[in-house]
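Hi everyone, thanks for coming. I'd like to walk you through a structure today, so let me put it up on the screen.

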Amino acid sequence: MQMQEMATSPVPLIVQLIDIAVRRKALLASCILTALTVGLSVYLIQPKVYQSDSLLSYQQQMVNTGRMLPDDKSKLQDVVSTLTQIVTSRTSLEKIITDENLYQTEREVLAMEDVIEKMRKDIRITPSKDGDTFTISYMGGNPDKVARVVNALAARFIGENMKYREDRASETSAYTQEELNMAKKMLDSKEAVMRDYKLKYFNEMADQRETNMARLIALQNNYQSRQESIQTQEQTYAMLRDQIATRKELLEAKQANLASTAGNSVQILSPAEQLEQLRAELQRLGLKYKKEHPKIKSLENKIARLEQSIQTEPKSASSSKTYSADDLTDKTLVSLQNQLKDISASITNIRKEKEDIQKQIDQYDKWIAAAPVREAEWSALTREYGELKRHYDFLMGQNLQAGSALNLERKQRGSQFKIEDFAQSPIKPVKPNFLKIMGLVLLLGCGAGGAGALLLEKLDTSFRFPEQLDAAFPFEVLCSIPRLPLKREIVRQRIWTIVGTASFLTWAVVLVAALGILWKQGRIIV
């Protein structure tokens, strides 16, 4: 209300405020000095809080072992966030509190969980927005302890990062090895089934079909050849049998003649005549059989032997030879009978071979007929085997990469933290801030003095300027007479002025001296 009245007064506002400040200068000075004194006291009472920082960088590994590394796709914020939880765990912080003997007062009245929570609030871990760096800071009352705590936290970050990465690499390696063993067991079992199946149905497999077909065709040709050979042998057998029968008839006739004419001689064919008979027989068979026929081959061999024997024996005077009845023997009949026996045995052997060949043909027919079924069954087995083999190969590669990553971490050549700036003992505290406190109390003192002055002006109903009378009453002010104090009032006013000025000056000097002394003592740090 007072400010509204001053704003509507014909006297300028700035003039009124200056007038109030001049008249209430003692109140303003008292409020300001009091505020500065209280601010200094508050600054001195508050405990000094120091802060120390350490800068760490995250160095990516130089060796790339593949995708199985613990943090190939992890950002620095993720890594720092994970390690922060480990570094600021109860076990880690409790050890630091015990080693550095921190929070002695708090430990006497609070539980350890509360003390650890307070320490967590005093720790700041701030990753940088750009680049692989972050800052660790800690606030405390002892500068040396603050620096040691920050360095301890930085060392914990480095150690826990190595341990964390090695543990993850070990777990990854163990997991991939376990999965690889399981996959190998399944693959071995599947391969055993496939091996037993292939051994059991080897000749019925689809990849043996062409071989079986070629073998079957060869067996069928061989079977046909045996069949033709049997037919030829049977024809030869029939012819020999006819010759033997004819020979026996001649022999019986000769024996009858011998019986009737004892002592007479019998004329038999000479070698030349036999050669002519064989050549005629060869010519006759040549019209019926091919040159490769066994009988033609046999006759050719006989003709060759007979020709050789004729050339080696001396020529007789006559074309025939006469023998006595006692010396007469039918060697040709014996030879024909031996040939008949040989041909009969040959026919028996060939028929046996035919039966064996037929069994083989039947077996190959079964194998060829079963090939489509085996092909379908084999496709089902190999389809599942292919998936298992691909999974096994994938796990094998992953296991090799995990082993390389584990070896890399154990040799401490993986991604790791490096301390770029070690924490140093801070010189000045971060709390309390002297300039901030004194500036704040100065503003409060000015505000309190101004509010008090305005309040006193509100309670004072006197007029200070003639213009205020013109505005308040309907008549015109002709003149204004200044206040003329009495002599004793002047003396009393001077005494109050001297006392007040001396008091304020003394107070100000004491305050400034205290500031200087405290500054030199190091208790005030700007």
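**A walk through some helices and salt bridges**

Let's begin with Ile14, which counts as exposed because its relative accessibility is 54%. For this talk, buried means under 20% relative accessible area, exposed means over 50%, and partly exposed is in between, with a 1.4 Å probe and protein chains only. Before going on, please keep in mind that this is a predicted model, where local features need pLDDT of at least 70, side-chain atom pairs count only at pLDDT 80 or more, and totals for chains, interfaces and linings use all residues. Residues are numbered from 1 along each chain as its sequence is written, and side-chain values use heavy atoms, with hydrogens and water left out.

Back to Ile14: you'll find this residue in helix α2, residues 13-23. Helices here are DSSP runs of H or I with at least four residues, numbered from the N terminus. Together with Ile18 and Val22, Ile14 forms a nonpolar patch on the surface, with about 280 Å² of accessible area in total. Patch members have over 30% relative accessible area and no salt bridge; like charges are joined within 9 Å, and nonpolar side chains (Val, Leu, Ile, Met, Phe, Trp, Tyr) within 5 Å. The areas come from the Shrake-Rupley method with a 1.4 Å probe, and for residues only the protein chains shown count as cover.

Next, helix α5, residues 90-100. Which of its residues are buried? They are Ser92, Leu93, Ile96, Ile97 and Glu100. These residues are on the same side of α5, because they cover an arc of only 130 degrees around the axis, taking the directions from the helix axis to the C-beta atoms. Turn to the other side of α5, and Thr91, Lys95 and Asp99 are exposed. Just after the helix, Asn101 has a positive phi of about 55 degrees.

Now for the charged pairs. Side chains of opposite charge can pair when their charged atoms come close. We call it a salt bridge when a side-chain nitrogen of Lys or Arg is within 4 Å of a carboxyl oxygen of Asp or Glu, and that rule gives a count of 13. One of them joins Lys95 to Asp99, with the closest N and O atoms 3.0 Å apart. These two sit four residues apart in α5, about one turn of the helix.

And what does Glu100 touch, leaving aside neighbours within four places in sequence? The answer is Lys145, Arg148 and Val149, where contact means heavy atoms within 4.5 Å. Glu100 is buried, at 17% relative accessible area. Its side chain meets that of Arg148 in a salt bridge, 2.9 Å from N to O. Arg148 belongs to helix α8 (residues 143-200) and Glu100 to α5, so this pair ties together parts that are 48 residues apart in sequence. Arg148 itself is partly exposed, at 40% relative accessibility.

Another salt bridge links Arg390 and Glu387, 2.4 Å from N to O; both lie in helix α12 (residues 331-410), three residues apart. There is also a network of salt bridges linking Arg90, Glu94 and Glu113.

Last stop: helix α15, residues 487-521. Its buried residues are Gly500, Leu511 and Leu518, and they pack against α3 (25-45). After α15 comes Gly522, with a positive phi near 85 degrees.
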